[in-house]
Protein chains: 2
Amino acid sequence: MGQQIKEERADAAVRQRLLAAALDSFTRKGYAATSVREIVAAAGVTKPVLYYYFGSKEGIYLELMNGTYALFAERLNLLATGRGSARERLTAFCTGCFDGFVEHVQVVRLIYSLYFGPSQGAPPFPYEEPFDRMLEILAGFVRDGIAAGELVAVNEKDATWAIISCLNTVMEEQLCHTPPRIDREGLVRILNLILDGFSQGVKP
Amino acid sequence: MGQQIKEERADAAVRQRLLAAALDSFTRKGYAATSVREIVAAAGVTKPVLYYYFGSKEGIYLELMNGTYALFAERLNLLATGRGSARERLTAFCTGCFDGFVEHVQVVRLIYSLYFGPSQGAPPFPYEEPFDRMLEILAGFVRDGIAAGELVAVNEKDATWAIISCLNTVMEEQLCHTPPRIDREGLVRILNLILDGFSQGVKP
């Protein structure tokens, strides 16, 4: 292994350790109460190392958010390409979002606490972008389903909100409620129930 | 006006000023970052006055939560007595919850930030009780609607989650998104849409 590759790997490992330490402190204590000193101590490095890679506490926070949102965007773009019937695409999209949410639940907790709570001095961030994108993709699936005659001519916007509401609420249930009162299978069941209503009607 | 009544009114006014000042600081700065000194300064009283009425910062927080949750419980009990068809009761219940949420939006923000975020040293509180009660009341309406033949024999639990999901997501939209992308009228529309699906079927 060349010297340059070795150094790049060591760089990436240190950055990852710092990001993980920052995420842990931010979620456990809050953004405002976390100091650079604590982050570097948990990562086993010195302050100048954090300043070198991220510039500041704000910088490491933004890097954490940008990295996470890039993963979200990538997953959403992938899920947007789903094929099959409207029901298959909507279900695959919603369960795919659910899985991503659960996979990143710790950083999602941080996002929720800063989105719903006081900003605590954290730099502004477009927290809502993934939700906007989800609305857009779901609306496309609903539109296609109506055009193909799979769904009756429901109001596209209203039907989209009904679907995203179920997804949103079931995802949030995984954030805090122990144990969650509704899970991935429950999400699929309620989606099927409302999609039955938007197509041939609910079967008793 | 008797001396005793005058004193009781002055007491109530001071308590209210302290509770309002505490709510303002907790939501703006966070629970951990708020000091008793700031609360009493904003309320125009001295520290011993806060200690006399509430004992501590934890005490004023719990009083704020208990008072708010008592109002929520009262409203939910009232909404639970709604009469009419299943659709009328479900719609009146959901719009009534929506109105209460918007009316108390500042304290709801505080609840969300402590429920989703780090506890910041705030004393534990059964934040989820109103949601549990909402689930219970909505399930009763769905059960009655099925028994009366107004709704088809959907799975009661799944139908309840579909309805509360719409309510929950539209309420949350009022918390943070400016302007909200869906409002009270939108909530009624999506409820009608899914209830159409649970009854005679969605009309194109």
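What percentage of the 204 residues of chain A count as buried? The share is 52%, where buried means under 20% relative accessible area, exposed means over 50%, and partly exposed lies in between (1.4 Å probe, protein chains only).

## Basis of the model

This is a predicted model, in which local features need pLDDT of at least 70 and side-chain atom pairs count only at pLDDT 80 or more, while totals for chains, interfaces and linings use all residues. Residues are numbered from 1 along each chain as its sequence is written, chains are lettered from A and ligands numbered from 1 in the order in which they are written, and side-chain values use heavy atoms, with hydrogens and water left out.

## Chain A as a whole

Chain A contains nine helices and zero strands, so its pattern along the sequence reads α-α-α-α-α-α-α-α-α. Helices (H or I, at least four residues) and strands (E, at least two) are DSSP runs, numbered from the N terminus. The C-alpha trace of chain A spans about 65 × 40 × 30 Å along its principal axes.

Contact means heavy atoms within 4.5 Å. Among contacts in chain A between residues at least 6 apart in sequence, 70% join residues at least 24 apart.

## Surface and charge

Chain A has an accessible surface of about 9,300 Å², and carbon and sulfur atoms account for 55% of that surface. Accessible areas come from the Shrake-Rupley method with a 1.4 Å probe; for residues, only the protein chains shown count as cover.

Chain A carries 21 positive and 24 negative side chains, with the centres of the two sets 5 Å apart. Lys and Arg count as positive and Asp and Glu as negative, and His and the chain ends are not counted. The place of a charge is taken as NZ of Lys, CZ of Arg, CG of Asp or CD of Glu.

## Annotated regions

An unreviewed UniProt entry lists "domain: HTH tetR-type" for residues 12-72 of chain A. This span is 82% helix and 0% strand, and its end C-alpha atoms lie 21 Å apart. The UniProt annotation "DNA-binding region", also from an unreviewed entry, covers residues 35-54 of chain A. Residues 35-54 are 80% helix and 0% strand, with 14 Å between the end C-alpha atoms. UniProt positions are given in the numbering used here, feature names are shortened, and annotations may be inferred rather than shown by experiment.

## The two copies

Chain B is superposed on chain A by a rotation of 180 degrees with 0.0 Å of shift along its axis (RMSD 0.0 Å). The two copies are therefore related as by a two-fold rotation axis. In chain B, the C-alpha nearest the axis belongs to B:Gly197, 1.7 Å from it. Copies are superposed by least squares on the C-alpha atoms of residues with pLDDT of at least 70 in both.

Of the interface residues of chain B, 100% are also interface residues in chain A, so the copies meet through the same surface.

## Selected residues

B:Lys47 lies in helix α3 (residues 47-54) of chain B and counts as partly exposed at 38% relative accessibility. Leaving aside neighbours within four places in sequence, B:Lys47 is in contact with B:Val36, B:Arg37 and B:Val40. The C-alpha atoms of B:Lys47 and B:Val36 are separated by 7.0 Å, with the two residues eleven apart along the chain.

A:Asn155 is in the loop between α7 (129-147) and α8 (156-176) of chain A, and is partly exposed at 41% relative accessibility. A:Val102 belongs to helix α5 (residues 86-103) of chain A.
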